[in-house]
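Reader: I have a chain to go through with you. I will ask what stands behind each label.

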Amino acid sequence: MKIDNEILTLKKQLFHKLYSNLNEMQRTAVATVKGPILVLAGAGSGKTTVLVNRIAHILTFGDAFENNIIPDTADIAEMQKLLDNGNQADIKAYLKRFVKSTPKPWNILCITFTNKAANEFKERLTKLLGDTAADIWAGTFHSICVRILRRHINKIGYDNSFSIYDSDDSKRLITECMKKLNISDEKLSVRSVHNEISRAKERYILPDNYELTAGSDFRKQLIAKIYHEYQEELKQASALDFDDLILNTLLLLTQRADVLQDYKEQFQYILADEYQDTNHSQNMLIELLGSDRGNVCVVGDDDQSIYAFRGATIDNILNFDRVFENSSIIRLEQNYRSTKTILNAANALIQNNAGRKGKTLWTENEEGIQILIKKHFTQSEEAAYIMNLIRKRVEEGEVKFSDFAVLYRLNEQSNAFELIFSKSHVPYRIYGGQRFYDRKEIKDVIAYLCVTANTNDETRLRRIINLPRRGIGNTTIATLSSVAAREGLPIYEVIRNVELYPELSKSKSSIQVFYNLIEDLRYLSNNCTLGEFVENVITKTGYKTMLQESVTEKDRIKNIEELISSAILFEQNSETKSLSSFLEEIALVSDIDNYDTDSDAVTMMTMHSAKGLEFPVVFLPGFEDGVFPSMQALEGNELEEERRLAYVALTRAKKELIITHTKTRLLYGRTTSNPISRFSEEIPTEYTVVEDTPKVETRSHTNYVSDAMTRSAGAFVKNSYQYEAPKKSTAAHPIAKNTFSVGDRISHASFGTGIITEAEVMGPDIIYTIEFDSQGKRKLMASYAKLTMAE
């Protein structure tokens with residue numbers, strides 16, 4: 001027995017040496033594979049490394065770390081020698097002697113929140129495991145559900161080749177349903193109906209149950225009618241909206257015990273990342289699949305639960321150990337990202353929240369510089385200060401533009417930064433704006449692709465039946481719909497047999513032309529490459545010609561040509577090269593999946609979008625009560641969620657954090673004067689340097705404006721596309737006697753004080769664009785304006 005205990009002790013020590021690159025708590029999370037586990041992973045604590053190593057460990061060793069199996073070949077002397085001098089390969093080979101059994105790759109389900117995270121898992125696992133990694137079920141909740149539904153949704157009455165509707169498609173269909181039910185959008189906005197239905201689905205509330213809960217609430221009674229009609233229309237079109245992907249997977253698994261049992265047996269180990277961001281339906285899915293074996297490992301951080309507005313509930317992570325009994329809780333508290341100062345500030349901030357499991361981040365990183373909390377007069381001055389500091393640092397050669405991030409609470413805050421960054425030729429990239437696949441021309445072409453793949457997709461069919469114009473107007477479309485409803489047929493079947501319906505005789509030739517076009521495209525979709533097919537759609541439909549006939553549509557032509565590139569790249573990089581797979585990928589992509597770490601540009605995004613990212617230097621503008629925390633949070637019961645968002649924002653910074661606020665802010669057409677954010681005041685003063693009184697910087701008036709006059713204009717990046725800023729004159733003109741810089745705070749006899757946001761040489765003079773504190777934006781000629789530096 002003593003020898004056995006010594007062997008088991010040496011075995012664990014060898015595992016610890018094998019994972020010597022991990023800290024103690026990370027090793028525990030990797031090697032504890034049996035039973036339910038909640039890993040509370042603080043910001044920057046290396047959770048991705050833990051998840052990747054945990055999956056590799058399960059596939060390589062099974063439960064060898066935990067079991068008490070001792071092989072006949074175990075030798076204490078040999079194990080001691082490996083412990084003293086063994087290399088990783090030899091230790092790994094020896095430890096395999098303790099393996100009883102290991103699962104197959106497809107026995108592991110790993111759920112992430114973004115495709116970007118899923119791809120990162122797969123890439124890192126491939127490096128550790130080779131081609132075996134390809135068979136692991138790794139993906140987002142939605143992509144995993146699509147995979148299940150493609151195999152089995154026919155068992156609940158849908159076609160396995162269903163279409164996936166995005167938010168815009170769903171709203172179009174809701175609009176049609178409301179028209180059909182004679183419900184005016186003046187009574188109910190389409191957006192509010194869409195949001196209400198989405199929230200119902202996230203809570204696993206079906207139309208009948210929603211109707212029961214409506215009671216005497218007239219608004220909900222109307223929504224219940226629309227919800228019923230909407231689901232009927234979706235089913236007839238063989239389409240699912242985004243929320244249906246999870247909802248119908250739950251319906252499938254609860255209605256078909258055989259399917260549920262198959263997946264319970266398949267998924268021996270389940271891992272779910274970012275669990276604090278799950279909603280009720282997602283949590284229900286994990287419970288359904290993992291309840292029997294109990295080998296469920298969820299990873300998350302209750303302090304970073306910031307998506308309640310999307311239906312996420314922090315209760316899922318807080319109550320995990322109650323739902324899954326005998327759960328182990330492992331806290332990853334060592335941070336590898338930020339300085340001690342930033343972490344101490346974040347810890348102090350989040351400790352003001354009551355609804356949390358509790359943990360304290362620590363780091364072996366340097367102490368770091370204090371956090372600067374700086375006050376400005378206006379948002380224009382705030383933006384100019386940030387722009388000037390970034391340019392100064394880059395020009396000194398210390399850093400790159402991509403080392404900086406500006407994270408704001410509201411999308412509207414980006415306007416001031418876009419203005420001054422573009423005018424000052426500071427490259428920047430905005431995330432959270434219009435996605436490539438949300439552009440009208442792209443959605444139009446994708447609608448053609450969708451109808452080719454699924455002719456029952458009537459929402460997309462209505463979108464493109466007369467685009468480009470082919471003589472099938474709204475009256476004809478309404479007649480097609482009415483005949484289809486009367487006959488109980490899909491619209492495309494009526495189109496196919498248009499000669500049978502006298503009421504369509506006037507439009508028969510146009511409809512037949514459209515039918516022949518779609519049939520040609522269906523043939524091509526099966527007889528050419530995906531890239532060739534997309535190109536055929538763009539040309540044969542006449543869509544490209546339509547754009548070419550307009551001199552203002554050059555950018556849209558480039559965009560639809562870029563869609564061809566996307567199709568070619570998909571073919572090159574995907575195992576399944578079908579049209580339906582390509583459409584699936586488009587439907588499931590998120591904005592953050594396109595985040596480009598290689599672009600040398602300042603990142604601008606909302607704090608919500610920044611979750612999971614990190615930057616050497618982070619600016620947090622707008623730290624004012626009413627902006628952040630938002631007025632809604634101050635008036636409601638959402639202050640703890642806002643504080644979690646502040647915690648997320650602080651912990652994005654690796655080296656330096658600069659918080660700014662203003663004396664007055666123009667937002668939504670109103671100028672307000674708000675106090676500094678209470679979150680700033682919750683950071684202990686020992687970690688901050690405060691500049692409460694706005695100052696005018698004492699520097700040469702000509703430093704940045706003159707540079708802009710003499711250097712060629714650079715490019716700036718916006719919405720993930722490259723734009724060229726207009727070039728300034730480089731001629732050597734005699735200019736006005738007193739010159740000022742972009743960002744300078746000036747005074748004018750009539751307009752008062754303001755900040756210069758743009759300066760442009762105009763012959764021997766300079767035109768200044770100035771954002772005045774009380775007079776708004778003005779353009780003034782330097783020689784006449786008689787500007788002075790503000791005191």
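Reader: Why is Gln-304 called buried?

Author: Its relative accessible area is 7%. Buried means under 20%, exposed over 50%, and partly exposed in between, with a 1.4 Å probe and protein chains only. The value for Gln-304 is 7%, so the residue counts as buried.

Reader: What are the ground rules here?

Author: This is a predicted model, where local features need pLDDT of at least 70, side-chain atom pairs count only at pLDDT 80 or more, and totals for chains, interfaces and linings use all residues. Residues are numbered from 1 along each chain as its sequence is written, and side-chain values use heavy atoms, with hydrogens and water left out.

Reader: Where does Gln-304 lie, and which residues does Gln-304 touch?

Author: Gln-304 sits in the loop between strand E7 (296–300) and H15. Helices (H or I, at least four residues) and strands (E, at least two) are DSSP runs, numbered from the N terminus. Leaving aside residues up to four places away in sequence, the residues touched by Gln-304 include Ala-41, Gln-276, Lys-611, Arg-644 and Tyr-647. Contact means heavy atoms within 4.5 Å.

Reader: Which domains does the assignment give?

Author: Domain 1 (1–148 + 262–337), domain 2 (163–237), domain 3 (343–434 + 594–692), domain 4 (436–588) and domain 5 (744–789). The bounds come from an automatic or database domain assignment.

Reader: What makes domain 1 and domain 3 an interface?

Author: Contacts: 30 residues of domain 1 meet 27 residues of domain 3. About 2,500 Å² is buried between them, with 49% from carbon and sulfur atoms. Buried area is the accessible area (1.4 Å probe) that two parts lose on being put together, summed over both. On the domain 1 side, Asp-303, Ile-306 and Arg-337 supply 32% of the area buried against domain 3, more than any other three residues.

Reader: How many salt bridges cross the interface of domain 1 and domain 3?

Author: The rule finds 8. A salt bridge is a side-chain nitrogen of Lys or Arg within 4 Å of a carboxyl oxygen of Asp or Glu.

Reader: How do you know that Glu-614 and Arg-337 form a salt bridge?

Author: Their closest N and O atoms are 2.8 Å apart. The limit is 4 Å, so the pair counts.

Reader: What makes Lys-654 and Glu-614 a salt bridge?

Author: The N to O distance is 3.7 Å.

Reader: Why are Lys-654 and Glu-614 called partly exposed?

Author: Lys-654 has a relative accessible area of 27%. Glu-614 has 38%. Both values fall between 20% and 50%, so both residues are partly exposed.

Reader: How do you know that Arg-745 and Glu-381 form a salt bridge?

Author: The closest N and O atoms are 3.2 Å apart. The cut-off is 4 Å, so this is a salt bridge. Arg-745 lies in strand E20 (residues 745–748) and Glu-381 in helix H18 (residues 379–395), 364 residues apart. Both are buried.

Reader: What is the count for the structure as a whole?

Author: The structure holds 47 salt bridges. One network links Asp-166, Asp-168, Arg-172, Lys-440, Lys-443, Asp-444 and Arg-463.
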